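The following paragraphs lead the reader through a protein model, element by element. Please keep the sequence and the structure in view while reading.

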Amino acid sequence: MSEQIAILIQIILIDLVLAADNAIIIGMLASKFDANIRKKIFFWGITAAVVLRIIFTLLTAYLLQISGLQLVGGLVLLWVVYKLYIDVIQKEEKKEVNINPKNKSLISAIGTIALADVSLSLDNVLGVAGAAKHHYDLLIFGLVLSIILMATMANAVSKLINKYAWIAWLGLIAILYVAIDLIYSDLKTLI
């Protein structure tokens with residue numbers, strides 16, 4: 001197997017795993033809104049992730065040298081887990097389904113997604129860049145693939161959460177795991 005094929009397989013696997021994190025967050029938040037607002041959340045959440053991934057891809061060489069960056073990303077994700085618990089899980093348990101949320105809720109949802117995207121997009125770009133090495137064509141392929149996967153999965157997650165509310169707990173646990181893993185792996189290298 002050639003080196004480029006092995007790198008391509010690594011990039012696809014990384015994208016499948018890491019794009020799912022973004023999709024879970026976008027899907028969880030979007031699941032509590034009606035269809036018209038859900039489309040706006042998908043659009044703005046994915047747009048934020050795309051812009052951040054492009055910026056992080058351009059800055060990858062510099063970002064790889066910053067120690068403590070994963071720790072900060074993990075701490076941000078812990079806040080996102082708390083925010084998702086309040087905005088999605090707690091409202092579901094209280095049966096406060098908000099059919100026509102105010103703009104403040106929409107802006108809050110988009111803000112939460114954007115903040116999560118900072119951490120998760122960085123994680124995705126660093127993973128793909130590490131796998132791609134100096135194959136920039138494969139790095140660009142990985143960026144495009146992650147965007148497509150994230151958009152597709154976010155819609156599916158949102159529909160599943162609307163149908164089966166317990167899936168929101170699985171999403172919350174998955175994001176919590178990623179946050180703890182980021183913090184742990186960075187602390188391990190810093191100590």
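Helix α7 comprises 24 residues and reaches 35 Å from its first C-alpha to its last, close to the 34 Å expected at 1.5 Å a residue. Along α7, the buried residues are Ile-167, Ala-168, Gly-171, Leu-172, Ile-175, Val-178, Ala-179, Leu-182, Ile-183 and Asp-186.

The protein chain as a whole contains 7 helices and 0 strands, and the order of its elements from the N terminus is α-α-α-α-α-α-α. Of its 191 residues, 45% count as buried. The accessible surface of the protein chain comes to about 10200 Å², and 70% of that surface belongs to carbon and sulfur atoms. When contacts between residues at least 6 apart in sequence are considered, 89% of them join residues at least 24 apart.

Which residues have the most contacts inside the largest nonpolar core? That core has 36 residues, and the ones in question are Ile-25, Ile-26, Met-28, Ile-41, Leu-77, Leu-84 and Ile-175. Two or more residues are given to this core by each of α1 (3–30), α2 (35–58), α4 (69–93), α5 (103–132), α6 (136–163) and α7 (167–190). The helix that gives the most is α1, with 8 residues. Apart from this core lies another, of 7 residues, which includes Ile-11, Val-128, Leu-138 and Leu-139.

The surroundings of Ile-26 can be followed in the model. Leaving aside neighbours within four places in sequence, Ile-26 is in contact with Ile-41, Phe-42, Gly-45, Ile-46, Ile-113, Met-150 and Ala-154.

Is Ser-31 buried or exposed? Its relative accessible area is 4%, and residues under 20% count as buried, so Ser-31 is buried. Not counting residues up to four places away in sequence, Ser-31 touches Arg-38, Ser-158, Ile-161 and Asn-162.

Helix α6 holds Asn-155. This residue has a relative accessibility of 29% and therefore counts as partly exposed. Asn-155 and Ala-23 are 132 residues apart along the chain, yet their C-alpha atoms are separated by 7.8 Å.

In the pair of Phe-43 and Trp-44, the ring centres are 4.9 Å apart and the planes stand at 80°, so the arrangement is edge-to-face. Trp-44 itself counts as partly exposed because its relative accessibility is 46%.

Finally, the confidence of the prediction deserves attention. The protein chain averages a pLDDT of 75, and 80% of the residues score at least 70. Confidence is lowest in helix α3 (residues 60–63), with a mean of 65, and highest in α2, at 81. Over residues 95–101 the pLDDT is below 50, and beyond near neighbours in sequence this stretch has 8 contacts in the model. Where pLDDT is low, the predicted coordinates should not be read in detail.

Key: Residues are numbered from 1 along each chain as its sequence is written. This is a predicted model: local features need pLDDT of at least 70, side-chain atom pairs count only at pLDDT 80 or more; totals for chains, interfaces and linings use all residues. Side-chain values use heavy atoms; hydrogens and water are left out. Rings of Phe, Tyr and Trp (its six-membered ring) pair if their centres lie within 6.5 Å; planes under 30 degrees apart count as stacked, over 60 as edge-to-face and the rest as tilted. Buried means under 20% relative accessible area, exposed over 50%, partly exposed in between (1.4 Å probe, protein chains only). Helices (H or I, at least four residues) and strands (E, at least two) are DSSP runs, numbered from the N terminus. Contact means heavy atoms within 4.5 Å. Accessible areas come from the Shrake-Rupley method with a 1.4 Å probe; for residues, only the protein chains shown count as cover. A nonpolar core is a set of buried Ala, Val, Leu, Ile, Met, Phe, Trp, Tyr and Cys residues joined through side-chain atoms within 4.5 Å. The expected span of a helix is 1.5 Å times one less than its number of residues. pLDDT is the predictor's confidence in each residue, from 0 to 100.
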